[in-house]
Amino acid sequence: RPGTAYVYVIYGVNHCFNVTSAGSGAAVLVRALEPVEGLATMRSRRASRRRSASGVVRQFRDWELCNGPGKLCFALGIERGTANARDVTGEERSEER
């Protein structure tokens, strides 16, 4: 059904977030977005994964928070167990028969 989230793991580490579009087998990979709200939460989530050889942790710039499929999922807290098969349109739908 169009507007359904499909979340999967690649390389055994990173999540990817797709949204179904036209019909069976049709989906769009959400590769990046420009965050405008929730920046502090995104920075906190991303900083928990950031490693630095020198021990100095540089703050992420806004555009770095969600500039890749895995980074986007981590920054937004998208995981397979909680987001997969969810309706992302925000509309109530009746079941089609």
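Contact, as used on this tour, means heavy atoms within 4.5 Å. The model is a predicted one, in which local features need pLDDT of at least 70 and side-chain atom pairs count only at pLDDT 80 or more, while totals for chains, interfaces and linings use all residues. Residues are numbered from 1 along each chain as its sequence is written, and side-chain values use heavy atoms, with hydrogens and water left out.

Select L72 and show its surroundings: leaving aside residues up to four places away in sequence, L72 touches F17, V30, R31, A32, L33, L65, C66 and I78. Buried means under 20% relative accessible area, exposed over 50%, and partly exposed in between, with a 1.4 Å probe and protein chains only. This core has 13 residues, and those that touch the most other members are F17, C66, L72 and I78. Two or more residues come from each of β1 (5–10), β2 (14–20) and α2 (69–76), the names being those of DSSP runs numbered from the N terminus, with helices (H or I) of at least four residues and strands (E) of at least two. The largest share, 3 residues, is given by α2.

**Stop two: the sheet**

Now select the strands, which pair if DSSP finds at least two bridges between them. An open sheet is formed by 3 strands in the order β1-β2-β3, with antiparallel pairing. Because β1 and β3 (27–29) stand at the edges with a single partner strand each, one side of each is left without a neighbour in the sheet. From one strand to the next, the twist averages 30°, where axes are lines fitted to C-alpha atoms, for helices over the stretch in contact, and angles run from 0 to 180 degrees between N-to-C directions. Helix α2 packs on this sheet and touches β2 and β3, its direction making about 90° with that of β2.

Follow the strands pair by pair. Between β1 and β2 there are 6 antiparallel bridges; V9 has H15 in β2 as its bridge partner, and Y8 has C16. The two strands form a hairpin with 3 residues between them, and Y11 in the turn has a positive phi of about 55°. Between β2 and β3 there are 3 antiparallel bridges, with N18 partnered by L29 in β3. Here the hairpin has 6 residues between its strands, and G25 in the turn has a positive phi of about 80°.

**Stop three: the cysteines**

Select C16, which is buried at a relative accessible area of 4%. How far is its sulfur from the closest cysteine sulfur? The distance is 6.2 Å, to C73, which is too far for a bond, given that a disulfide is a pair of cysteine sulfur atoms within 2.5 Å. C66 is in no disulfide either, as the nearest cysteine sulfur, that of C73, is 9.4 Å away. C66 is buried too, with a relative accessible area of 0%. By this rule, the count is 0 disulfides.

Go to M42 in helix α1 (residues 39–47), which counts as buried at 6% relative accessibility. M42 and A75 are 33 residues apart in sequence, yet 4.5 Å apart in space, C-alpha to C-alpha. Finish at A83 in helix α3 (residues 80–83); not counting residues up to four places away in sequence, A83 touches A5, V7 and I78.

Methods
A nonpolar core is a set of buried Ala, Val, Leu, Ile, Met, Phe, Trp, Tyr and Cys residues joined through side-chain atoms within 4.5 Å.
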